[in-house]
Amino acid sequence: QVQLVESGGGLVQPGGSLKLSCATSGSIFSVYNMAWYRQAPGSQRDLVAIIESAGRTNYADSVKGRFTISRDNAKNVVYLQMDSLKPEDTAVYYCNAKSRFNPDRNYWGQGTQVAVSS
């Protein structure tokens, strides 16, 4: 069982920055691809960014150039640096861990709220 705990959400003005953290329950990055998703009210949960086990990253078009996903292997933490935030970035952000070898091993954090408003 993988446990994920997000933190770092909050209220920020348009153009501002936030950094989300996802603390994992152990050294899982060699086995799990890590990702951030977000879900706005009344909308589906969408992929924001992913960092594969080998370190390759990918982003949704809507956040390319503004968001950066990274991880600290020593601390077992995944980050999402969010810059130039827009009101449409407002959502609950979820950390996800998905096994490279067993798709049934797919875990979610509890989510952290990000609100972008003046």
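**Charges over rings**

Start by selecting K19 and Y79: K19 lies over the face of the Y79 ring, at 4.5 Å from the ring centre. Keep in mind that this is a predicted model. Next, select R45 together with W108. R45 sits over the face of W108, and its distance from the ring centre is 4.6 Å.

**The aromatic cluster**

How many aromatic pairs does the structure hold? The number is 3. A pair of aromatic rings is described by the distance of the centres and the angle of the planes.

In the chain the two partners are distant: Y37 belongs to strand 4 (residues 32-39), W108 belongs to strand 10 (residues 106-108), and 71 residues separate them. Y37 is partly exposed, with a relative accessible area of 21%. W108 is also partly exposed, at 35% relative accessibility.

Y94 is found in strand 9 (residues 91-99) and W108 in strand 10, so the pair ties together parts that lie 14 residues apart in sequence. Is Y94 buried or exposed? With a relative accessibility of 13%, Y94 counts as buried, because the limit for that class is under 20%. Show the three residues together: Y37, Y94 and W108 form one aromatic cluster.

**An arginine in a loop**

Where is R66 placed? R66 is in the loop between strand 6 (57-59) and strand 7 (67-72). R66 is buried, and its relative accessible area is 10%.

Display what surrounds this side chain. A polar atom of the R66 side chain lies 2.9 Å from the backbone oxygen of S84. Which residues does R66 touch, not counting those up to four places away in sequence? They are Q81, M82, D83, S84, L85, K86 and D89. Select these residues with R66 to end the tour.

How values were computed
Residues are numbered from 1 along each chain as its sequence is written. This is a predicted model: local features need pLDDT of at least 70, side-chain atom pairs count only at pLDDT 80 or more; totals for chains, interfaces and linings use all residues. Side-chain values use heavy atoms; hydrogens and water are left out. Rings of Phe, Tyr and Trp (its six-membered ring) pair if their centres lie within 6.5 Å; planes under 30 degrees apart count as stacked, over 60 as edge-to-face and the rest as tilted. Helices (H or I, at least four residues) and strands (E, at least two) are DSSP runs, numbered from the N terminus. Buried means under 20% relative accessible area, exposed over 50%, partly exposed in between (1.4 Å probe, protein chains only). A charge sits over a ring if NZ of Lys or CZ of Arg is within 6 Å of the ring centre and within 35 degrees of the ring normal. A polar contact is a pair of N or O atoms within 3.5 Å; within protein, one must be able to donate a hydrogen and the other to accept it, and residues adjacent in sequence count only if both atoms are side-chain atoms. Contact means heavy atoms within 4.5 Å.
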